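Me: I'm new to this one. Can you put it up and walk me through it?
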Amino acid sequence: LEQGVVPQAAPKSLEKVKHIILILSGKGGVGKSSVTTQTALTLVNKGFNVGVLDIDLTGPSLPRMFGVESKQVHQSVAGWVPVSVYNNNHNSNNDNNIKRGNLSLMSLGFLLGNRNNSVVWRGPKKTAMIRQFLKDVVWNGGDNDTPLDYLLIDTPPGTSDEHIAIAEELRWASPIDGAIIVTTPQDVATADVRKEINFCKKVNFDIIGVVENMSGFICPFCSECTNIFSSGGGSKLSQSLDLTFLGNIPIDPKFVEMIELQDNDTKKLIDLYDGCELKPIMEGI
Ligand code: ADP
């Protein structure tokens with residue numbers, strides 16, 4: 001780990017969070033944010049209070065995927081208040097008597113103003129921002145002061161200074177459960193994925209498991225699954241490295257709909273969950 005001021009205790013903001021899960025990928029574009037979104041929705045639908053922290057400074061896409069792009073974070077005396085994506089008390093479309101949890105999101109995207117503003121910050125400014133994100137967000141699972149059951153952290157691709165800052169800040173956070181590594185079939189064997197694995201070992205993060213995304217395409221007309229790229233690499237990799245394989249997610253046109261979500265389109269967001277391919281994977285978490 002980097003030399004410097006190493007925190008001696010979990011940041012106050014994270015003290016009450018029951019589980020913290022990092023989502024990692026060796027490179028960009030493999031579906032890390034999509035997997036974060038689907039995992040969050042699945043947990044919310046199971047009744048858990050979930051917070052998502054988007055610190056992928058290379059392209060914060062979660063406000064768009066959650067349909068809250070034009071919302072703003074607010075500063076309170078206690079710290080930054082994340083954007084509420086789904087509030088169980090306020091959303092009346094709680095059909096089928098499902099007891100859903102609350103979902104809130106903190107993303108760098110909210111602070112950028114314009115999503116086309118690329119982040120060109122240098123290392124120290126980036127790591128300072130990440131440390132602040134980890135320390136200064138008031139995660140209370142909605143407005144009823146309920147602590148978060150899960151905090152999912154969407155990290156930048158690869159392993160970088162940002163990851164080291166996260167590792168340092170979370171070092172003393174006892175609820176850290178570990179990392180989910182997302183890969184695609186054509187990337188599983190690459191050094192990028194192994195780097196993620198080595199990083200986790202180095203900073204003592206448990207690896208919850210590996211998800212192989214974009215693994216085949218299910219034809220909407222005949223329901224046949226075509227393995228456009230080779231498939232099965234994720235499970236082989238997991239086996240050879242003694243990691244848990246959480247499952248495959250096929251290429252699913254529903255993911256594209258996520259990007260087209262309008263602001264406050266909670267109903268659509270929840271409907272999209274119905275096409276969620278992560279249901280079997282979640283049994284592993
Ligand atoms: P990352 O966070 O790794 O950069 P994203 O989650 O932003 O990747 O995904 C990149 C693009 O691929 C997005 O447009 C997303 O909608 C799409 N995508 C991701 N996973 C799938 C999938 N299983 N099926 C179809 N499209 C997907």
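**A buried glutamate and its surroundings**

Reply: Start with E196. E196 is buried, because 26 other C-beta atoms lie within 10 Å. Keep in mind that this is a predicted model.

Me: Where is the place of E196?
Reply: E196 sits in helix α6, residues 191-202.

Me: What does E196 touch, not counting residues up to four places away in sequence?
Reply: E196 touches L24, G26, T159 and I181.

Me: And how far apart are E196 and K27?
Reply: In sequence, 169 residues separate E196 and K27. In space, their C-alpha atoms are 9.7 Å apart.

Me: Zoom out for me. How many helices and strands does the protein chain have?
Reply: The chain has ten helices and eleven strands.

Me: How much of the protein chain do buried residues make up?
Reply: Buried residues make up 44% of the 285 residues.

Me: And the contacts with a separation of 6 or more: what share comes from residues 24 or more positions apart?
Reply: Those residues account for 80% of such contacts.

Me: OK, the core. Which residues of the largest nonpolar core touch the most other members?
Reply: That core has 60 residues. I23, V50, L151, L152, I153, A179 and I180 touch the most other members.

Me: Take I153. What is I153 in contact with, leaving aside its neighbours within four places in sequence?
Reply: I153 is in contact with I20, L22, I23, L53, I55 and I166.

Me: Why is α5 largely enclosed by the rest of the structure?
Reply: Eight of its ten residues are buried, so α5 is largely enclosed.

Me: Let's look at α4 and α5. At what angle do they pack?
Reply: Helix α4 (residues 123-135) and helix α5 (residues 161-170) pack at about 35°. Their axes are 9 Å apart.

Me: Is the crossing of α4 and α5 right-handed or left-handed?
Reply: The crossing is right-handed.

Me: Which residues make the contact?
Reply: From α4, G123, K126, T127, I130, R131 and L134. From α5, D161, E162, A165, I166 and E169.

Me: How do the residues of that contact divide into nonpolar, polar and charged?
Reply: Four are nonpolar, two are polar and five are charged.

Me: New topic, the ligand. Which residues around the ligand come nearest?
Reply: G31, K32, S33, S34 and F255 come nearest, out of 18 residues around the ligand.

Me: Which elements give two or more residues to the shell around the ligand?
Reply: They are α1 (32-45), β9 (207-218), β11 (245-251) and α8 (254-259). Helix α8 has the largest share, with four residues.

Me: How do the residues of the shell divide?
Reply: Eight are nonpolar, eight are polar and two are charged.

Me: Last topic, backbone angles. What is the phi of M214?
Reply: M214 has a positive phi of about 55°, although it is not a glycine. M214 is found in strand β9.

Me: Is M214 buried or exposed?
Reply: M214 is buried, because 24 other C-beta atoms lie within 10 Å.

Me: And what about N204?
Reply: N204 has a positive phi of about 65°, and it is not a glycine either. N204 is found in the loop between α6 and β9. N204 counts as exposed, because it has 10 C-beta neighbours inside 10 Å.

Note on methods. Residues are numbered from 1 along each chain as its sequence is written. This is a predicted model: local features need pLDDT of at least 70, side-chain atom pairs count only at pLDDT 80 or more; totals for chains, interfaces and linings use all residues. Axes are lines fitted to C-alpha atoms, for helices over the stretch in contact, and angles run from 0 to 180 degrees between N-to-C directions. A crossing is left-handed if the near helix is turned anticlockwise from the far one by less than a right angle, and right-handed if clockwise. Two residues are in contact if their C-beta atoms, placed from the backbone, lie within 7 Å. Ala, Val, Leu, Ile, Met, Phe, Trp, Tyr, Cys and Pro count as nonpolar, Asp, Glu, Lys and Arg as charged, and the others, Gly among them, as polar. A nonpolar core is a set of buried Ala, Val, Leu, Ile, Met, Phe, Trp, Tyr and Cys residues joined through C-beta atoms within 7 Å. A residue is buried if 20 or more other C-beta atoms lie within 10 Å of its own, exposed if 12 or fewer, and partly exposed in between; C-beta atoms are placed from the backbone. A residue is near a molecule or strand if its C-beta atom, placed from the backbone, lies within 6 Å of it.
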